[in-house]
Amino acid sequence: MTPTDQIDDERLMRRALEEARRCPDHDDVPIGAVVARSGEALAAAGNERELANDPTAHAEILALRAAAEAVGSWRLDGCSLYVTLEPCAMCAGAMVLSRIDRLVFGAPDPKAGFAGSLGDLVRDSRLNHVVSVTSGVLATECGDLLRAFFRARR
């Protein structure tokens, strides 16, 4: 990874954090996601499960849908997904199916993460597509946001 790649990763993760910070306004867990191509954001979203009463309205799914609409194809070749928390199995599966090239996430999720924690769906060589993974980008900041959200609810 070049220094420019690292700068882009941090810049785009900060954008995902901006999306995550809006989620508590509608009582959603603060997780944000950005889909980018060549360092430029195509789509961004935060969790909207509570807002939409939709169990699939995870930040990653919403960002993937918006990016597909923006490029006019469900195939998101050449794109990267930035997300503040390691994706769950549903979101990891959606990444594989959308042909995302790269996943960049902040905080690990030892209870539900499927990009290395509980399983590794995105890098399972038995599937028709494998996603490259970079973890730990702004992990402390991403984790702190989640911890503060849940601490306030206890």
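In which element is the place of Asp-9? In this predicted model, Asp-9 belongs to helix 1, where the residue is buried, with a relative accessible area of 2%. The C-alpha atoms of Asp-9 and Ser-80 are 9.7 Å apart in space, although the two residues are 71 positions apart in sequence.

The overall architecture of the protein chain comprises five helices and five strands, which follow one another along the sequence in the pattern α-β-β-α-α-β-α-β-β-α. The radius of gyration is 14 Å, close to the 15 Å that the globule rule gives for 154 residues, so the protein chain is as compact as a globular protein of that length. Along the principal axes, the C-alpha trace spans about 40 × 35 × 30 Å. Of the 154 residues of the protein chain, 49% count as buried, and the accessible surface comes to about 7700 Å², with 50% of that area belonging to carbon and sulfur atoms. When contacts in the protein chain with a separation of 6 or more are considered, 58% of them are accounted for by residues 24 or more positions apart. The side chains include 18 that are positive and 23 that are negative, and the centres of these two sets lie 3 Å apart.

In soluble globular proteins, nonpolar side chains tend to be buried together. In the present model, the largest nonpolar core holds 48 residues, of which Val-35, Ile-100, Leu-103 and Val-122 touch the most other members. Two or more residues are given to this core by each of helix 1 (3–22), strand 1 (32–37), strand 2 (40–46), helix 3 (59–71), strand 3 (79–85), helix 4 (89–98), strand 4 (102–107) and helix 5 (139–152). Helix 3 gives the most, with seven residues. The surroundings of Val-35 can be described in detail: when residues up to four places away in sequence are not counted, Val-35 touches Glu-40, Ala-41, Leu-42, Ala-43, Ala-63, Leu-64, Ala-67, Cys-79, Ser-80, Leu-81 and Ile-100.

Seven of its 10 residues are buried, so helix 4 is largely enclosed by the rest of the structure. The buried residues are Cys-91, Ala-92, Gly-93, Ala-94, Met-95, Val-96 and Ser-98, and what covers them includes helix 3, strand 3 and strand 4. Helix 4 is followed by Arg-99, whose phi is positive, near 70°, although Arg-99 is not a glycine. Arg-99 lies in the loop between helix 4 and strand 4.

Most residues other than glycine have a negative phi. Ser-38, however, has a positive phi of about 55° although it is not a glycine. Ser-38 lies in the loop between strand 1 and strand 2, and with a relative accessible area of 71% the residue is exposed.

The loop between strand 4 and strand 5 (132–135) contains Val-130, and Ser-117 also has its place in the loop between these two strands. Val-130 counts as partly exposed, at 43% relative accessibility, and Ser-117 likewise counts as partly exposed, at 34% relative accessibility. Leaving aside neighbours within four places in sequence, Val-130 is in contact with Val-122, Arg-123, Asp-124 and Ser-125; of these, Val-122 is one of the core residues that touch the most other members. Val-130 and Leu-97 are 33 residues apart in sequence, while their C-alpha atoms are 9.8 Å apart in space. For Ser-117, residues up to four places away in sequence again not being counted, the residues touched are Glu-86, Pro-108, Asp-109 and Pro-110.

Terms used: Residues numbered from 1 in each chain as written. Predicted model: local features only at pLDDT ≥ 70, side-chain atom pairs only at ≥ 80, totals over all residues. Heavy atoms only, no water. Core = buried A, V, L, I, M, F, W, Y, C linked by side-chain atoms within 4.5 Å. Buried < 20%, exposed > 50% of the residue type's maximum accessible area, 1.4 Å probe, protein only. Helix = DSSP H or I, 4+ residues; strand = E, 2+ residues; numbered from the N terminus. Contact = heavy atoms within 4.5 Å. Rg over C-alpha atoms; globule rule 2.2 N^0.38 Å. Areas by Shrake-Rupley, 256 points an atom, 1.4 Å probe, with all protein chains shown as cover. Lys, Arg positive; Asp, Glu negative; His and termini not counted. Charge placed at Lys NZ, Arg CZ, Asp CG, Glu CD.
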